[in-house]
Amino acid sequence: MSTAESPGRPAPSWAAARATPGRARLARAALAGFAAATAVDLGSLLADWHLGHVLAKPLLMPLLVAYVITRGGPRLLVAALLFGWGGDLALLFDAEPAFLVGMGSFAAGHVCYLVLFGRRATNPLLGGAYGLALVGTVALLWADLPADLRIPVAGYSLLLTAMAYRSSALGRAAGIGGALFLLSDTLIATGVAEWPQLPRPDFWIMATYVAAQYLLATGALAARRGVR
């Protein structure tokens, strides 16, 4: 006989008690796997070990998705992370069509985030700061971007900046995550524009990106529990 909860007949308390520790163990395992994959990926980038990056990067978002699911996270958060995974896979290929596919997949993830944030209040002054950052960054990059990428990058930047600003609606952690996502993608854009780069630019791009997705995910989970 199934102990699953059904309408009008809740599962017995002993069944719920048994399920909760199991889900908690799965959540811890998924989070540990995410941390390990992150360490391997970032270490590979520092060591210039391309194979390690290629093997570890595709594991990041699925492991974070597994953590979110075991914590009972919302479907829109899962969708946003999976679209991020699609972008991660596309950017493993060093070609302009793959770059555009990756940007489109990340853009779909930002739409999911924006819907997830809903109409919660945010600070208008913060919005003004993000608006100025958007206009300034696009203006500075415009002439150095390939002509066929200028409009797509500008449109994506608008969506990304909106997501970064609205992420603060879910609290400080998510707000920092949104800001780091904006920083990560700005570093990518400066590379496309062939601006001078930091040493090991791929390391900084991935470090800020992984931190961004983790903070957005945990911020959304905390907001769902009513913790700000």
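Author: Start with the word contact, which means heavy atoms within 4.5 Å. This is a predicted model. Leaving aside neighbours within four places in sequence, Leu77 is in contact with Val68, Tyr113, Leu116, Leu216, Ala217, Ala220 and Leu221.

Reader: Which residues have the most contacts inside the largest nonpolar core?

Author: In soluble globular proteins, nonpolar side chains tend to be buried together. Here the largest nonpolar core has 50 residues, and Leu77, Leu81, Tyr113 and Phe181 have the most contacts inside it. At least two residues of this core come from each of α1 (13-47), α2 (50-70), α3 (75-90), α4 (96-117), α5 (124-142), α6, α7 and α8. The helix that gives the most is α8, with 10 residues.

Reader: How do α3 and α8 lie, roughly parallel or roughly antiparallel?

Author: Angles under 35 degrees count as roughly parallel and those over 145 as roughly antiparallel. The axes of α3 and α8 cross at roughly 170° and come within 11 Å. That angle makes α3 roughly antiparallel to α8.

Reader: Which residues meet where α3 and α8 are in contact?

Author: From α3 there are Leu77, Leu81, Gly84 and Asp88; from α8, Tyr209, Gln213, Leu216, Ala217, Ala220 and Leu221. By class, the residues of this contact of α3 with α8 are seven nonpolar, two polar and one charged.

Reader: Gln213 is on that list. Is Gln213 buried or exposed?

Author: Buried means under 20% relative accessible area. Gln213 has 1% relative accessibility, so Gln213 counts as buried. Gln213 lies in helix α8 (residues 201-224). Beyond its neighbours within four places in sequence, Gln213 is in contact with Met61, Leu64, Leu81, Gly84, Tyr113 and Phe181. The C-alpha atoms of Gln213 and Gly177 are 6.4 Å apart, though 36 residues separate the two along the chain.

Reader: At what angle do α6 and α7 pack?

Author: Helix α6 (residues 150-166) packs against helix α7 (residues 172-192) at about 155°, with axes 8 Å apart. That makes α6 roughly antiparallel to α7. Their crossing is left-handed.

Reader: Which residues of α6 and α7 meet?

Author: Tyr156, Leu160, Thr161, Met163 and Ala164 in α6 meet Gly178, Ala179, Phe181, Leu182 and Asp185 in α7. The residues of the contact of α6 with α7 comprise seven nonpolar, two polar and one charged. Phe181 ties the topics together: Phe181 is among the residues with the most contacts inside the largest nonpolar core, and Phe181 is also in contact with Gln213.

Definitions and conventions: Residues are numbered from 1 along each chain as its sequence is written. This is a predicted model: local features need pLDDT of at least 70, side-chain atom pairs count only at pLDDT 80 or more; totals for chains, interfaces and linings use all residues. Side-chain values use heavy atoms; hydrogens and water are left out. Axes are lines fitted to C-alpha atoms, for helices over the stretch in contact, and angles run from 0 to 180 degrees between N-to-C directions. Helices (H or I, at least four residues) and strands (E, at least two) are DSSP runs, numbered from the N terminus. Angles under 35 degrees count as roughly parallel, over 145 as roughly antiparallel, 65 to 115 as roughly perpendicular and the rest as oblique. A crossing is left-handed if the near helix is turned anticlockwise from the far one by less than a right angle, and right-handed if clockwise. Ala, Val, Leu, Ile, Met, Phe, Trp, Tyr, Cys and Pro count as nonpolar, Asp, Glu, Lys and Arg as charged, and the others, Gly among them, as polar. Buried means under 20% relative accessible area, exposed over 50%, partly exposed in between (1.4 Å probe, protein chains only). A nonpolar core is a set of buried Ala, Val, Leu, Ile, Met, Phe, Trp, Tyr and Cys residues joined through side-chain atoms within 4.5 Å.
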